[in-house]
Amino acid sequence: MFIQKINNYLGVPVLTLIVLSLLGVPRVILHDLSIIEEGSVVNSILVFAPIIIWIAYIVLKNVNKPFLSLLLIGFFYGIFLAIVHQILWNVAMDTSIQLGGNFSNLPQAVSNIIVRTFAFFSGVTTGIIVGAITGAVGSLLNFVKKRFTPRQNKD
């Protein structure tokens with residue numbers, strides 16, 4: 001019942017937003033496995049194609065709340081980003097991380113917990129920022145679309 005209210009409020013099912021957010025996961029996996037290089041054409045396509053698809057879908061479907069919908073897509077993407085990084089941590093990080101300064105004497109396990117916790121929240125934050133930026137772009141495009149789309153009389 002609660003999810004249905006959210007779906008109606010947004011004008012798009014939350015499940016659809018989750019599926020859209022999953023479009024960004026292949027790049028994260030391929031990057032963590034060092035299969036693609038940052039700055040490569042393939043990496044750029046895998047970075048920008050999902051974002052373009054997110055915005056296009058939300059704008060073309062006339063979603064009620066484009067900013068909030070794209071923000072949620074970014075949030076879900078951030079969660080998936082953080083989870084993939086945690087799963088592939090030992091592959092992506094070939095050496096253990098040792099904290100410095102006052103934390104240099106901490107046991108390795110404690111250092112790992114601290115770093116992984118911050119990395120998780122960093123991934124979620126990255127997703128939220130991506131969602132906010134795409135939400136702003138999507139809202140602007142939605143505004144322009146509505147402004148320049150002729151209205152039909154409902155007589």
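At what angle do helix H2 and helix H4 pack, and how far apart are their axes? In this predicted model, local features need pLDDT of at least 70 and side-chain atom pairs count only at pLDDT 80 or more, while totals for chains, interfaces and linings use all residues. Residues are numbered from 1 along each chain as its sequence is written, and side-chain values use heavy atoms, without hydrogens and water.

Helix H2 (residues 14-21) packs on helix H4 (residues 41-60) at about 155°, and the axes lie 10 Å apart. Because angles over 145 degrees count as roughly antiparallel, H2 is roughly antiparallel to H4. The crossing of H2 past H4 is right-handed. On the H2 side, Thr-16, Leu-17, Leu-20 and Ser-21 make the contact (heavy atoms within 4.5 Å); H4 contributes Ile-53, Trp-54, Tyr-57 and Ile-58. Six residues of this contact are nonpolar, two are polar and none is charged.

The largest pocket holds about 160 Å³ of space. A pocket here is an open set of points on a 1 Å grid over the protein atoms alone, where a 1.4 Å probe fits, with protein on both sides within 12 Å along at least five of seven lines; lining residues have an atom within 4 Å of a point. The lining consists of Asp-32, Leu-81, His-85, Trp-89, Ala-92, Met-93, Ala-119, Ser-122, Gly-123 and Thr-126. Helices H5 (66-87), H6 (89-92) and H7 (108-148) each give two or more residues to this lining, and H7 gives the most, with four. By class, the lining has five nonpolar, four polar and one charged residues.

Note on methods. Axes fitted to C-alpha atoms, helices over the stretch in contact; angles between N-to-C directions. Parallel < 35°, antiparallel > 145°, perpendicular 65-115°, else oblique. Left-handed = near helix turned anticlockwise from the far one by under 90°. Nonpolar A, V, L, I, M, F, W, Y, C, P; charged D, E, K, R; others polar. Points joined across faces, edges and corners; volume = space filled by probe spheres on them.
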